[in-house]
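Biologist: I would like to learn how to read the open spaces and the sheet in a model like this one. Can we take them in turn?

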Amino acid sequence: MRFQTTFWLILLAAGLAALIWYQERFYPGAGGTSQLLPGLDAEDVRSVEVIQDNEVIRAERTNRAWRLTQPLNYPASDGGIDNLLTELTLTSRRPLLSERRSTAEKPDATDFGLEPPRIRLNLRTSAKRIGLLIGKETLTKKHIYLQLVGSEGIFLADTSLVAKIPASAAAWRDRDFMNLDDLDFDRIRVQQSGERAFVVQHDPTNQLWRMIEPLKDNADNRRITALLQGLETLRIREFVSDDPDANLEPYGLSSPGLKVILAKQTNVVSEIAFGGSPTNRTGLVYALCPNRKNVVSVPKTLFKRFQRSHTAFRDRRLLRIDAKQVDRIEVEGKRDFTLERQGDSSWQITEPETIPADTALVEDFLTSLNELKIREFVKDVVTDFSQYHLESPSRRYTLKQSKTVDGSVTNRVLAQVDFGTNKVDLVYARRAQDNAVYGVSLAESLDLPQEPYEIRDRQIWDLNSTNLTEVVIHQKGRSRKLIRGDDQEWGVPPGDPGDINSFAVKEALYRLSRLRAKAWVGKGSDIKEQLGFSEVNYRIDLKVARPNRETPAVKTVSFGRKAPTGRPYACVVLGGEPIVFEFPKSVYQLTKRNLTAPPP
């Protein structure tokens, strides 16, 4: 009995396999493959209609953009429709039943799921209408049955085509929350529940945003731009309600927690509202689509970025400076000085004395001013600045632009900042014509130059090494003299038992004669003691011949301990006072090897 049952089961399976094989490969009328819709140009399709499960989805193309017209009027996503059309142009068909059969041989379309069809697809091009009926899948699930409207032939095609056909209109709806490119606005108003609204306005001249409510101040341009980009890229997660008269209370939109209004001056261009979150989905928030008034859900991330006080959107840069416009810098502090840009774009200290400034240091100075960050908005409206020591500030930096009008030069103030007293690690600051007081990093403010030497040219001297006549080395109480002979070679005076490498000495003196500081450190005798100059006790005197002078000029450099950078501290006298700087490490190594006083 068991043997007979097994035999019949095997026989049935073999018959079924043979049927599938026969149906897929050698069904009468079968032939080679060809394009499903020959000559179809996807760009020429004007409308697409899908009829499935008694639901009609229709989309029409106008000005190269798709829009749903049924079951609702709504912008469509180009990608989904274009993908379907591309698939139709690429799909191949294989004839299953010839349309040239006799009436007696006509197939029953119901056997293939084509009467009624599982899906009907209607296309309209500029020249014709195309109807495609899609039936059920074959037994292998690899193919589907198809029939063109107006033809009795039945074809096979890959099931991948069905995957491109939307199951509902939601699959083709545009999920972009809004498109800012179509909006002309220059104001943004943000209103949070329980908070004061703030308004920012775009300045077309400098392309920056400025806060105009609840106070007038620079806005954080990068943050405002990032929020607008966030609105532009915000994607709808779910379409919740398309009823324009829907009750908004369940969505928290009757009194929204956040409203963002885009306006042109006082005329509202678009209004966006964010409400509550769906139950058990705190990562989403309900929103009203601008200008469409349908309720959707979107990710909550952008909502949180808007949900801050106006202070978060104020620009924390103390100054906005275009360094290219600055022609004059006036510094009032420990020692007043003035910098002026020269015709070749170099800089010069013009007061209290005229000496070259270091262009790179001036550029760093302007960059540091531009990068000063407001750490604390201390008070927005101040009538008495004395409590912050800003009525007579300890330091003031004024940046000006020079203009020549009718032959006379005028200096227009571009920016001015005053620094007052300290508050722990902050220093109070005030901008010109500004009634507010800000807290700025004390350390960052102290990095700004306060005396002329801090920004003077770092070229200590630039001597012609062939004019050096004598070098005296002082080291740990010992001395040594080097003399240049008539043959221009360096040697020691008679009686000095030591020997030197004249070539190496020449190289060391060549480098030393073109000495350039790596960084200014400080000035005065006190700082020399702090930095170990007496401890190191190493000094070099260079005697330089002067034209038409009997006595040579003497240039002296002394050395202290190493700085945290690994470079040694060095000191020279400039303008009658000792100036300490960081000495180039490579030059020091060469100097230390070849310009030393030998031990006794």
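**Pockets, cavity and sheet**

Modeller: In this predicted model, 14 residues line the second largest pocket, and Pro75, Met178, Asn179, Asp182 and Arg292 are the ones nearest its centre. On a 1 Å grid over the protein atoms alone, a pocket is an open set of points with protein on both sides within 12 Å along at least five of seven lines, a cavity is a set where a 1.4 Å probe fits but cannot get out, and lining residues have an atom within 4 Å of a point. Residues are numbered from 1 along each chain as its sequence is written. Local features need pLDDT of at least 70 and side-chain atom pairs pLDDT 80 or more, while totals for chains, interfaces and linings use all residues, and side-chain values use heavy atoms, without hydrogens and water.

Biologist: Which residues line the largest cavity?

Modeller: Rolling a probe the size of a water molecule over the atoms shows where empty space is left. Here the lining consists of Ile188, Val190, Phe198, Val200, Ile224, Leu227, Leu228, Phe306 and Phe313. Those residues divide into 9 nonpolar, no polar and no charged; Ala, Val, Leu, Ile, Met, Phe, Trp, Tyr, Cys and Pro count as nonpolar, Asp, Glu, Lys and Arg as charged, and the others, Gly among them, as polar. Helix α4 gives the most to this lining, with 3 residues. Helices (H or I, at least four residues) and strands (E, at least two) are DSSP runs, numbered from the N terminus.

Biologist: What lines the largest pocket, by class?

Modeller: Its lining has 14 nonpolar, 8 polar and 10 charged residues. Arg210, Asn218, Arg431, Ala432 and Asp434 lie nearest the centre of this pocket.

Biologist: What is the strand order in the open sheet of 9 strands?

Modeller: Strands of a sheet pair through backbone hydrogen bonds, either parallel or antiparallel. In this case the order is β23-β22-β21-β20-β25-β26-β27-β28-β24, with antiparallel pairing; two strands pair if DSSP finds at least two bridges between them. β23 (355–356) and β24 (374–379) are at the edges with a single partner strand each, so one side of each has no neighbour in the sheet. Strands β26 and β27 pair over 5 bridges.

Biologist: How should I read the confidence?

Modeller: Where pLDDT is low, the predicted coordinates should not be read in detail. pLDDT is the predictor's confidence in each residue, from 0 to 100. The chain has a mean pLDDT of 89, with 92% of its residues at 70 or more. Over residues 21–30, pLDDT stays under 50, and over residues 99–104 the pLDDT is below 50 as well.

Technical notes
Contact = heavy atoms within 4.5 Å.
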